[in-house]
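Please look over the sequence and the fold below before reading on. The report then goes from the chain as a whole to single residues.

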Amino acid sequence: MPRAEFSNKTKLAAWLRCKGGDIEGTPICECGCGAKIENGNGPEYHHKVDAWVGGSNDLDNCQVLRKK
């Protein structure tokens, strides 16, 4: 099965969400750690529920994370 990817529209909506809906806001990792996403550490877009077990490519299943 091909890798499930989020659309650019979904990624943009998730990016704005992690910035508190403000284009000028500070992006915060959505894993719950509260870390800022800055140049060099993200963003990465991940499924909350993996696609291989039935997770969708919808915004509700997309989370923006910092790279570790």
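## Basis of the report

This is a predicted model, in which local features need pLDDT of at least 70 and side-chain atom pairs count only at pLDDT 80 or more, while totals for chains, interfaces and linings use all residues. Residues are numbered from 1 along each chain as its sequence is written, and side-chain values use heavy atoms, with hydrogens and water left out.

## The chain as a whole

The chain contains one helix and two strands, arranged along the sequence in the pattern α-β-β. Helices (H or I, at least four residues) and strands (E, at least two) are DSSP runs, numbered from the N terminus.

The radius of gyration, taken over C-alpha atoms, is compared with a globule rule of 2.2 Å times the number of residues to the power 0.38. For 68 residues a compact globule would have a value near 11 Å, and the 12 Å of the chain therefore agrees with it. The C-alpha trace spans about 35 × 25 × 20 Å along its principal axes.

Of the 68 residues, 25% count as buried, where buried means under 20% relative accessible area, exposed means over 50% and partly exposed lies in between, with a 1.4 Å probe and protein chains only. Contact means heavy atoms within 4.5 Å, and among contacts between residues at least 6 apart in sequence, 50% join residues at least 24 apart.

## The two strands

Strand E1 (residues 44-47) and strand E2 run antiparallel and are joined by four bridges; two strands pair if DSSP finds at least two bridges between them. In this pairing, glutamate 44 stands opposite leucine 65 of E2.

In a regular strand the side chains alternate between the two faces of the sheet. Strand E2 (residues 62-65) is covered on both faces, with Cys62 and Val64 buried on one side and Gln63 and Leu65 buried on the other.

Glutamine 63, placed in strand E2, counts as buried because its relative accessibility is 17%. Leaving aside residues up to four places away in sequence, glutamine 63 touches Arg17, Glu30, Cys31, Glu44, Tyr45, His46, His47 and Lys48.

## Helix and loops

Arginine 17 lies in helix H1 and, at 31% relative accessibility, counts as partly exposed. Not counting residues up to four places away in sequence, arginine 17 touches Glu30, Leu59, Cys62 and Gln63. Arginine 17 and leucine 59 are 42 residues apart in sequence, while their C-alpha atoms are 9.8 Å apart in space.

Leucine 59 belongs to the loop between E1 and E2 and is partly exposed, with a relative accessible area of 31%. With residues up to four places away in sequence again left out, leucine 59 touches Thr10, Ala13, Ala14 and Arg17. The C-alpha atoms of leucine 59 and cysteine 33 are separated by 20 Å, and these residues are 26 residues apart along the chain.

In the loop between helix H1 (8-18) and E1 lies proline 43, which is joined to glycine 42 by a cis peptide bond with omega of about 0 degrees.
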